Amino acid sequence: MSVLPQANNGITLSIRSEAGQVSLLCEALYAVCVYASGNTECALKVQQAVAEALNNIIIHAYHKQPNQEITVCWSQEERQLRIQLIDTGTAMAYLPVPALPDFEAENSRGWWIIDACVDEYFYQTIGASIAGPVLYPGGSPGDIALLAAGPHTNILTFLKRF
Amino acid sequence: MAAIMENVTFIDSSTCAILISAFKAMQLKKTGRLVLADSPVVQSLIELTRLHTVFEILPNQKSGIIGIDGRVKFAITIIGPVN
């Protein structure tokens, strides 16, 4: 039995862990979100959040190694969009508190943008037979050391209402 | 100097990094710099990251910048260093 989420009445997109593929996926996702919600602003926010998350996965989960798979599962639940970003790279033990850095800092705006663009987001690492705790932004670190040492899947979920 | 960001349909926070880097370079050289955009995508991210408090956003009609198609564009002026 697969512990990975199944996109019911949804769409699954997949890219390799290369920065050049992020915009392709995001533009496709934008079109899907516009079609589903009829709201370009909602779609733009989803696009911006997903772009930041994909960049984080490429840099921090896959350490800029190319040819690693990233899967994005999109589905609609009445007036809510659910987007799951799935990777098998280095797992996060916690979701950081979204904070806007000082102006002079050139990076570290990703989680701030994500937090501003979606209504809810949470993260979970799933191993071969067990699942780690669901992590929320600013929450306590989860004990995922054993999970992360073996084969695992990381799932970052965004919920966006419209 | 101007960066024309017409028809931009996708940007991410790395764009912010480039704009800030340009701003810091401008501060070092004590010269002005102008960045242009007519895309809601660009404006959205600039406002989301509150960079509009540093990068002044002006309707292009005000700054005399209107596209040949007649659409109003936006000018993002990077404010010069305060002496």
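Glu106(A) is partly exposed at 28% relative accessibility (buried is under 20% relative accessible area, exposed over 50%, partly exposed in between, with a 1.4 Å probe and protein chains only). The model is predicted, so local features need pLDDT of at least 70 and side-chain atom pairs pLDDT 80 or more, while totals for chains, interfaces and linings use all residues. Residues are numbered from 1 along each chain as its sequence is written, chains are lettered from A in the order in which they are written, and side-chain values use heavy atoms, with hydrogens and water left out.

**Interface of chain A and chain B**

- Glu106(A) forms a salt bridge with Lys24(B), with 3.1 Å between the closest N and O atoms (a salt bridge is a side-chain nitrogen of Lys or Arg within 4 Å of a carboxyl oxygen of Asp or Glu).
- Lys24(B) is partly exposed, at 23% relative accessibility.
- One salt bridge is counted between the two chains.
- Helix H1 (13–29) and helix H2 (40–48) of chain B each supply at least two residues of the side that touches chain A, and the largest share, eight residues, comes from H1(B).
- By class, that side of chain B has 12 nonpolar, six polar and three charged residues (Ala, Val, Leu, Ile, Met, Phe, Trp, Tyr, Cys and Pro count as nonpolar, Asp, Glu, Lys and Arg as charged, the others, Gly among them, as polar).
- The contact takes 22 residues from chain A and 21 residues from chain B (contact means heavy atoms within 4.5 Å).
- About 1,800 Å² is buried between the chains, 62% of it on carbon and sulfur atoms (buried area is the accessible area, 1.4 Å probe, that two parts lose on being put together, summed over both).

**Salt bridges over all chains**

- The count over all chains is three salt bridges.
- Glu77(A) and Arg82(A) meet through their side chains at 2.6 Å, N to O; Glu77(A) is partly exposed at 32%, and Arg82(A) is partly exposed at 22%.
- Glu120(A) and Arg161(A) form a salt bridge at 3.4 Å, N to O, which links strand E4 to strand E5 of chain A across 41 residues.
- Glu120(A) is partly exposed at 33%, and Arg161(A) is partly exposed at 41%.

**Aromatic pairs**

- The whole structure has three aromatic pairs (rings of Phe, Tyr and Trp, the last by its six-membered ring, pair if their centres lie within 6.5 Å; planes under 30 degrees apart are stacked, over 60 edge-to-face and the rest tilted).
- Tyr121(A) and Phe158(A) have ring centres 6.4 Å apart and planes at 80°, so the pair is edge-to-face.
- Tyr121(A) lies in strand E4 (residues 120–127) and Phe158(A) in strand E5, so the pair ties together parts 37 residues apart in sequence.
- Tyr121(A) is buried at 4%, and Phe158(A) is buried at 1%.
- Phe122(A) and Tyr136(A) have ring centres 5.7 Å apart and planes at 50°, so this pair is tilted.
- Phe122(A) is buried at 16%, whereas Tyr136(A) is partly exposed at 45%.
- Trp111(A), Tyr121(A) and Phe158(A) form one aromatic cluster.

**Surroundings of Thr157(A)**

- Thr157(A) is in strand E5 (residues 152–161) of chain A and is buried, at 3% relative accessible area.
- Leaving out residues up to four places away in sequence, Thr157(A) touches residues including Arg82(A), Glu120(A), Tyr121(A) and Phe122(A).

Note on methods: Helix = DSSP H or I, 4+ residues; strand = E, 2+ residues; numbered from the N terminus.
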